[in-house]
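Colleague: Can you take me through this one? I'd like to start with pockets.

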Amino acid sequence: MNITRAYIDESGDTNLNINIEGVSSHFIIVAILVREEKETELRKEIKNFRKKHFQESEMKSANIGSINRRVRIIADLVGINFAYIPFIVN
């Protein structure tokens with residue numbers, strides 16, 4: 001039996017009144033999908049990725065800073081084997 005796990009995170013604001021100061025115009029949910037037999041391998045890869053780019057702290061887009069750093073991070077993510085499903089509400 002193939003079991004797939006989903007790790008889900010969200011970003012943005014659930015408030016639909018975007019005219020309020022501080023309310024974002026987008027709400028994003030992303031599910032990272034991994035087959036159970038590949039989960040240990042993925043965890044190791046993510047741990048190394050996190051250590052390299054975030055010094056093992058929380059991985060938050062808001063903490064990335066420059067576009068050059070963002071490009072380096074995305075380039076390293078390409079080498080990690082996982083699937084994802086994004087859901088974006090504008």
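Modeller: The largest pocket has a volume of about 1600 Å³. Keep in mind that this is a predicted model.

Colleague: How many residues line the largest pocket, and which lie nearest its centre?

Modeller: The lining has 33 residues, and D9, V30, I32, M59 and L77 are the ones nearest the centre.

Colleague: Switching to the helices. How do the axes of α1 and α2 cross?

Modeller: They cross at roughly 170° and come within 11 Å. An angle over 145 degrees counts as roughly antiparallel, so that is how α1 and α2 run relative to each other.

Colleague: Is the crossing left-handed or right-handed?

Modeller: The crossing of α1 and α2 is right-handed.

Colleague: Which residues make the contact?

Modeller: From α1, F49, K52, H53 and F54; from α2, R69, R72, I73, D76 and L77. By class, the residues of this contact are 4 nonpolar, 4 charged and 1 polar. L77 of α2 is part of this contact, and it is also one of the residues nearest the centre of the largest pocket.

How values were computed:
Residues are numbered from 1 along each chain as its sequence is written. This is a predicted model: local features need pLDDT of at least 70, side-chain atom pairs count only at pLDDT 80 or more; totals for chains, interfaces and linings use all residues. Side-chain values use heavy atoms; hydrogens and water are left out. On a 1 Å grid over the protein atoms alone, a cavity is a set of points where a 1.4 Å probe fits but cannot get out, and a pocket is an open set with protein on both sides within 12 Å along at least five of seven lines; lining residues have an atom within 4 Å of a point. Grid points are joined across faces, edges and corners, and a volume is the space filled by probe spheres set on the points. Axes are lines fitted to C-alpha atoms, for helices over the stretch in contact, and angles run from 0 to 180 degrees between N-to-C directions. Helices (H or I, at least four residues) and strands (E, at least two) are DSSP runs, numbered from the N terminus. Angles under 35 degrees count as roughly parallel, over 145 as roughly antiparallel, 65 to 115 as roughly perpendicular and the rest as oblique. A crossing is left-handed if the near helix is turned anticlockwise from the far one by less than a right angle, and right-handed if clockwise. Contact means heavy atoms within 4.5 Å. Ala, Val, Leu, Ile, Met, Phe, Trp, Tyr, Cys and Pro count as nonpolar, Asp, Glu, Lys and Arg as charged, and the others, Gly among them, as polar.
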